[in-house]
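Colleague: I have not looked at this model before. Could you take me through it by question and answer?

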Amino acid sequence: MFNIDMEGIDLEKIYDLIVLGGGPTAIGCAIYAARFAMDILIIGKVFGGLIATTHLVENYPGITSTSGQGLMEMFKDHMDSLSIPYISDEIRSIEKIDDYFVLHSFFQQFKAYTICIATGSERKKLGIPGEEEFAGRGVSYCATCDGPFYKDKTVCVIGGSDSAAKEALFLAQNVKKVYIIYRGEEIRAEPINKKRVYENDKIEIINNTNIVEIKGDTKVKSVIFESGKVFKIDGVFIEIGSLPNSDLAKKLEVETNKKGEIKINRKSETNVPGIFAAGDVADAPFKQAITGVSEGVIAAYSAFDYLKQTKIEY
Amino acid sequence: MSQDEKYKEIIKREMAKLTRPVKLKVVTSQSAKPDGTKIRACMDCDQFMSLLRVYEENSIGLLTIEELTIDDNPDFAKRYDIQRVPTILLIDQQGREYIRYLAAPQGGEIQPFIQAVFTFAGAPNYYEATIKKNLDRISPSTLKIMITNQCPYCPQVVTIANQFAIASEGKVRTVVVDIMANPDIGQYYDAAGVPYTIINDQKTLVGMIGPNEILRALIGGNISVQY
């Protein structure tokens, strides 16, 4: 359970490691750090991260099939068993003082010798007229959250990734029809999910198509294709990838690549000593819960190693 | 262990940690049978009350749930503008309403509900210092949060809003609405996505929002920090 009695939270203490983020990467990092007997704290805006919205996780070793939320509940149980404290907050700035960092939020400030940035990514927007106007009124970025509103209705999923395919498969359980609208030739889903999509009578793929506008009155009524065609629809689920949440890192002069992802080495180290990064916010090309956990675990070990070298008591 | 058993286990484990007394009010309705005995009239009230009794029974006598029927307490119902039942109310000793639930605290909503109960009972509130520092800049506000039981982000928004309500001593009031159980409210606000947060029936924040976004929306400007 989070924050009750602010259990395990000490505002005066200099933590060995503060992990920023709330997804699998952050939790994997924290679990290992706890097992290294480090004083740790997780500060995250969204517990569960993006994977919490995934309805189907079938590629995490040891778990044949669960939902993203189910996976996170297991992670939370694991955190609780190690008494790892979690705070729902957002750090807005970090400064280095002597051999530790001070992290400022609007609500509290914290101190830590090392930091692991595992702030993940957020959904990309289409950036077209109507998208913002109809957010929550027909435009959605989360099928798990909003799918139940579209029972027996017609919806579309924008995008061609594996996530887009999974969103379509989830929505097809309840809606009348799902169109996957993809700008490319063929969707890029994992073969197992691609096969499921092709075999599902309720799902139809519209390829080589871009959407230029979302229209409606109080709710979404249609999307407009680049060709000018008006396509009637009740809901638009946007799944076109994500952008790294690396603004805080940039303020710290942590190096990022052109995509804004934090550059890390095989030890999950950044160019700034004492600051580590892992998961979707970092520059690994293949982003999965399992790869994020792996980088997070390595970050915990590297932070532990860093403290051994820089702190006498280690 | 079934999901229901797991949730009951969580309630049992967490409510046992309550150390201070706290009282909640629940408004229901009732009707009389031909023999004169009274039964709960609202469709969900029995199930709702059974759930709340699980919280109460596991609190070592510290949580009291007072059931008020709308028929026997018309003045109370009028004062608090009770439009539908069941309604859970967190009201302080001065009669100020902090939090209202038009939703059953089950599934993912267990955690924010328990946390609200604990903080309402006097447990430390993480957001309190900054809320108090900025309180003069916040107009009396109502945060209506539309949720569903399937939504992974809803409990997180509800947690923050509830804590804000308690820290502000009701100057910010939270109303948690399950829009599957209250579809007319969802339709009224054209909500087809959750979490869907409406501030004073004017401003809408869609999707997962953190404490900074909620506070900024309440203040309408820069946040003064206090630590």
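Colleague: What distance separates the centres of domain 1 of chain A and domain 2 of chain A?
Modeller: This is a predicted model, and the values are computed from it. Chain A is divided into domain 1, residues 4-122 + 242-310, and domain 2, residues 125-238. Taken over C-alpha atoms, the centres of domain 1 of chain A and domain 2 of chain A are separated by 32 Å.

Colleague: How many residues of domain 2 of chain A are in contact with domain 1 of chain A?
Modeller: By class, the side of domain 1 of chain A that touches domain 2 of chain A has one nonpolar, three polar and no charged residues. Domain 1 of chain A brings four residues to this contact, and from domain 2 of chain A come six residues.

Colleague: Why is chain A described as being as compact as a globular protein of its length?
Modeller: The secondary structure of chain A comes to seven helices and 17 strands. For 314 residues the globule rule gives 20 Å, and chain A is close to that, so it is as compact as a globular protein of that length, with a radius of gyration of 21 Å.

Colleague: What percentage of the residues in chain A are buried?
Modeller: A residue counts as buried if 20 or more other C-beta atoms lie within 10 Å of its own. Of the 314 residues in chain A, the buried ones make up 50%.

Colleague: Which element gives the largest share of the side of chain A that touches chain B?
Modeller: The contact takes 35 residues from chain A and 37 residues from chain B. On the side of chain A, the elements that give two or more residues are β3 (86-88) and α3 (143-146) of chain A. The largest share, three residues, comes from α3(A).

Colleague: Which strands stand at the edges of the open sheet in chain B?
Modeller: The eight strands have the order β4-β1-β5-β6-β8-β7-β9-β10 (chain B), with mixed pairing. Two strands have a single partner strand each, so one side of each is left without a neighbour in the sheet: β4 (63-69) and β10 (203-206) of chain B.

Colleague: What is the bridge partner of Leu143(B) in β9(B)?
Modeller: Strand β7 (residues 141-147) of chain B runs antiparallel to strand β9 (residues 196-199) of chain B, and four bridges join them. In β9(B), the partner of Leu143(B) is Ile199(B).

Colleague: Which helix of chain B packs on the sheet, touching β1 and β4 of chain B?
Modeller: The direction of this helix makes about 160 degrees with that of β4(B). The helix spans residues 45-57 of chain B and is named α2.

Definitions and conventions:
Residues are numbered from 1 along each chain as its sequence is written. Chains are lettered from A and ligands numbered from 1 in the order in which they are written. This is a predicted model: local features need pLDDT of at least 70, side-chain atom pairs count only at pLDDT 80 or more; totals for chains, interfaces and linings use all residues. Two strands pair if DSSP finds at least two bridges between them. Two residues are in contact if their C-beta atoms, placed from the backbone, lie within 7 Å. Axes are lines fitted to C-alpha atoms, for helices over the stretch in contact, and angles run from 0 to 180 degrees between N-to-C directions. Domain bounds come from an automatic or database domain assignment. Ala, Val, Leu, Ile, Met, Phe, Trp, Tyr, Cys and Pro count as nonpolar, Asp, Glu, Lys and Arg as charged, and the others, Gly among them, as polar. The radius of gyration is taken over C-alpha atoms; the globule rule is 2.2 Å times the number of residues to the power 0.38. A residue is buried if 20 or more other C-beta atoms lie within 10 Å of its own, exposed if 12 or fewer, and partly exposed in between; C-beta atoms are placed from the backbone.
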